[in-house]
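Hello,

Here is the structure I promised to pass on to you.

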Amino acid sequence: MKKYWLYLEPYTFLFERNGHIVIFNSLSNQGKKFKNNGRIEAVVNQMNDINNMYCVDITEADLKDSDLLDFINYIRNTYSGDLIDNSSFAKKPVVFVPKFKINKTIEQLQETDYKLTSDDVLSYFNELSIYIGGSKPTSMLSDIPVYKQFDYNCDLESQQLPIQAVLSFISQIEHAPLGIVNILGGNIFTYPELHDFAEGIKHIHAIKIFNTCYNDIPDNLTPYEFLSGEKVKLKVLVDFPLNSKKFDHVVSLIKSSKIEVEWLFAITSMDEYESAERLIDENILDKALIKPVFTGSNLQLFKSNVYLDEEDILNTRLSRDDIFVKQVLNTYDFGKLILMANGKVYANANHQPIGILDEPIVELLLKEMSNNNSWRRIRNQEPCNQCIFQWLCPSPSNYELAIDKANLCSVLS
């Protein structure tokens, strides 16, 4: 009887759970779910045995099983593996199984004599958001803590960061490979030390993004020449209902300036989404982003437009490393810190502070690396830890925290 080798490529993932299996090709980003029963189950059990190195025996009789044949044909048609006549090969093919292995966790390192250097720790620090202060922003969403869902100006209740303290804090990272510094308020234009602050961070290599609600932009931007500086952007926050006259003036004002600008439209309904799209098109706004805000009463907006189904998940663009990374860290939160105007430092605004402004940044980063609240918040909780798509789904976001639901999908209720 003719015999074959069935093998999977090292970039192909095989997930098995609750009577189903998923084959996912991380090169072509193709995936499919199959029932794991009969002859398929026997083959999958062998495939999942690390000793078989992703390669198992298949006989000519096995290929008469229609379910197994469909499974094998899918693997071959998507270049996720192959079926080869074993008489053509003197030895069984050996494939490195895509299993994630971390040599040392932070907890294990702490139990040894190994010490992370400051440079080691700072290399993980990618983004800093600073709520400097300023008066209450003119936002139609001021009653909703939008800043806990994504970076957004909020009412800081007259709190102001002391200029020397915040510049001292930032001086610790002036040589770190930091990518972005977000500057938020309050109304940042009413922060009394804004010009000194802008001058104090000018030498930082990171991109500096000044965030403002469109209603708070002054009619004359000439005094704020730092907004046209190198590696500086202005992010304009727009929410609804819209003050059309002010918005039109802001668009005209910015287009006549040398300011590099990004637009963020915060929407709470499909009507607002359509309005945002129209404004972007009519005003030819490059670099514009639309983000939904959970208000507590618009869950249907998220179910219709944010929640994922099986097809969405199986068509997600994920590399091999992307899948590995999501097993150990949160791709939304990792590498980020938030400094609030009251001097408290957070890794995520939804969680407890990890420290205060006066603490060394390296110690704050080490503290966050040692807990599982934000940077290491992964899908290892119910119901996600029982789902076959556990490591294909995006990392848990702030929307899950706002909605108070662990999984924003239609796969598990």
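**Backbone notes**

P241 sits in the loop that runs between β10 (232-238) and α7 (244-255). Helices (H or I, at least four residues) and strands (E, at least two) are DSSP runs, numbered from the N terminus. This is a predicted model, in which local features need pLDDT of at least 70 and side-chain atom pairs count only at pLDDT 80 or more, while totals for chains, interfaces and linings use all residues. Residues are numbered from 1 along each chain as its sequence is written, and side-chain values use heavy atoms, with hydrogens and water left out.

Now to the peptide bonds. The one from F240 to P241 is cis, its omega being near 0 degrees. The bond from E382 to P383 is cis too, with omega near 0 degrees. You will find P383 in the loop between α12 (361-369) and α13 (398-403).

Next, the phi angles. Y54, in the loop between α1 (38-47) and β5 (55-59), has a phi near 65 degrees, which is a positive value in a residue other than glycine. Y54 counts as buried (under 20% relative accessible area, with a 1.4 Å probe and protein chains only), at 3% relative accessibility.

K231 has a positive phi as well, near 55 degrees, and is again a residue other than glycine. K231 lies in the loop between β9 (207-213) and β10. With a relative accessible area of 43%, K231 is partly exposed, a term for values between the buried limit and exposed, which is over 50%.
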